[in-house]
Amino acid sequence: MRPSSALTAALTATAAVALTATGAAAAPAGASARPGVCQEQSLSVSASSGGQRNAARIAVTNRGGSTCVVDRIPTVTFRGLDGSAEAVPPATSGPYVLSPGEHGYAALRTAAPGATEGHVVRSLSVSADPSHHGVTFGAATVGMGRGIQVWEPVTTLWQTSRAAADRALADATR
């Protein structure tokens with residue numbers, strides 16, 4: 001005997017309400033749940049000298065207990081200036097997955113080495129995801145003690161190693 005369509009609809013509605021009430025979500029068969037955005041307090045963000053003029057290295061570490069995602073483009077802003085560093089190569093937002101304890105690395109160029117244009121600022125801020133506030137670093141922390149010269153700044157996407165981030169920046173800014 002087949003249940004009536006009214007009974008089927010009622011059972012489906014009841015199941016949907018039960019799932020919603022418990023916070024569960026039904027996933028299609030064979031699909032795995034995607035990790036959520038990393039909570040800012042579960043991340044460690046750092047910045048250091050990039051080893052050359054107007055360059056810095058940035059890193060993010062997932063200190064939480066579960067896999068999560070940040071935006072694949074680090075958000076880097078400069079004190080007192082509008083806008084942020086552009087991604088090289090040009091890219092759109094997307095997920096970068098970090099397992100517990102895993103790191104992501106990016107390289108930043110604030111101005112071309114011989115640039116005379118631009119502004120000099122005392123700090124920059126780095127956020128692993130645009131929904132986060134980020135962490136602010138002074139010029140001395142990133143090896144630019146006399147100030148951070150900013151003219152057409154660029155940043156790489158998150159990479160799996162410092163060396164990969166350095167190569168990506170060098171390849172993109174030739």
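**View 1. The disulfide of the predicted model.** A search of the whole structure finds 1 disulfide, a term for a pair of cysteine sulfur atoms within 2.5 Å. The model is predicted, so local features need pLDDT of at least 70 and side-chain atom pairs count only at pLDDT 80 or more, while totals for chains, interfaces and linings use all residues. Residues are numbered from 1 along each chain as its sequence is written, and side-chain values use heavy atoms, with hydrogens and water left out. The disulfide joins Cys38 to Cys68, with an S to S distance of 2.0 Å. The link of Cys38 and Cys68 is right-handed, with 90° about the S-S bond. Cys38 lies in the loop between α1 (5-22) and β1 (43-49) and Cys68 in strand β3 (residues 68-71), so the pair ties together parts that are 30 residues apart in sequence. Helices (H or I, at least four residues) and strands (E, at least two) are DSSP runs, numbered from the N terminus. Cys38 and Cys68 are both buried. Buried means under 20% relative accessible area, exposed over 50%, and partly exposed in between (1.4 Å probe, protein chains only).

**View 2. The protein chain as a whole.** The protein chain has 2 helices and 12 strands. Along the sequence, their pattern is α-β-β-β-β-β-β-β-β-β-β-β-β-α. Of the 174 residues in the protein chain, 37% are buried. Among contacts (heavy atoms within 4.5 Å) with a separation of 6 or more, residues 24 or more positions apart account for 73%.

**View 3. Two salt bridges.** The whole structure holds 2 salt bridges by this search, each being a side-chain nitrogen of Lys or Arg within 4 Å of a carboxyl oxygen of Asp or Glu. One of them pairs Arg57 with Asp166, whose closest N and O atoms are 2.7 Å apart. Arg57 lies in strand β2 (residues 55-62) and Asp166 in helix α2 (residues 162-172), so this pair ties together parts that are 109 residues apart in sequence. Arg57 is partly exposed at a relative accessible area of 25%, and Asp166 is partly exposed at 26% relative accessibility. Arg174 and Asp171 also meet in a salt bridge, at 3.0 Å from N to O. Both Arg174 and Asp171 are exposed.

**View 4. The two sides of helix α2.** Ala164, Ala165, Ala168 and Leu169 are the buried residues of α2. Seen down the axis of α2, these residues fall within an arc of 135°, so they line one face of the helix. The arc is that of the directions from the helix axis to the C-beta atoms. An α-helix has 3.6 residues a turn, so residues three or four places apart point the same way. The buried residues of α2 pack against β7 (103-109) and β12 (154-155). On the other side of α2, Arg167 and Asp171 are exposed. Ala172, also placed in helix α2, is partly exposed with a relative accessible area of 36%. Ala172 and Val88 are 84 residues apart in sequence, and their C-alpha atoms are 6.0 Å apart in space.

**View 5. Nonpolar cores.** A nonpolar core is a set of buried Ala, Val, Leu, Ile, Met, Phe, Trp, Tyr and Cys residues joined through side-chain atoms within 4.5 Å. The largest has 27 residues, of which Val70, Val76, Phe78, Leu124, Val142, Ile148 and Trp158 touch the most other members. Two or more residues of this core come from each of β1, β2, β3, β4 (75-78), β6 (95-98), β7, β9 (123-127) and β11 (148-150). Beyond its neighbours within four places in sequence, Val142 is in contact with residues including Ala47, Ala55, Leu124, Phe137 and Ile148.

View 6. Most residues other than glycine have a negative phi, and most peptide bonds are trans. Val88 and Pro89 are joined by a cis peptide bond, with omega about -5°. Pro89 is placed in the loop between β5 (86-87) and β6. Asn54, in the loop between β1 and β2, is not a glycine but has a positive phi of about 65°. Asn54 is buried, at 6% relative accessibility. Glu152 is found in the loop between β11 and β12 and has a positive phi of about 50°, although it is not a glycine. Glu152 counts as exposed, at 57% relative accessibility.
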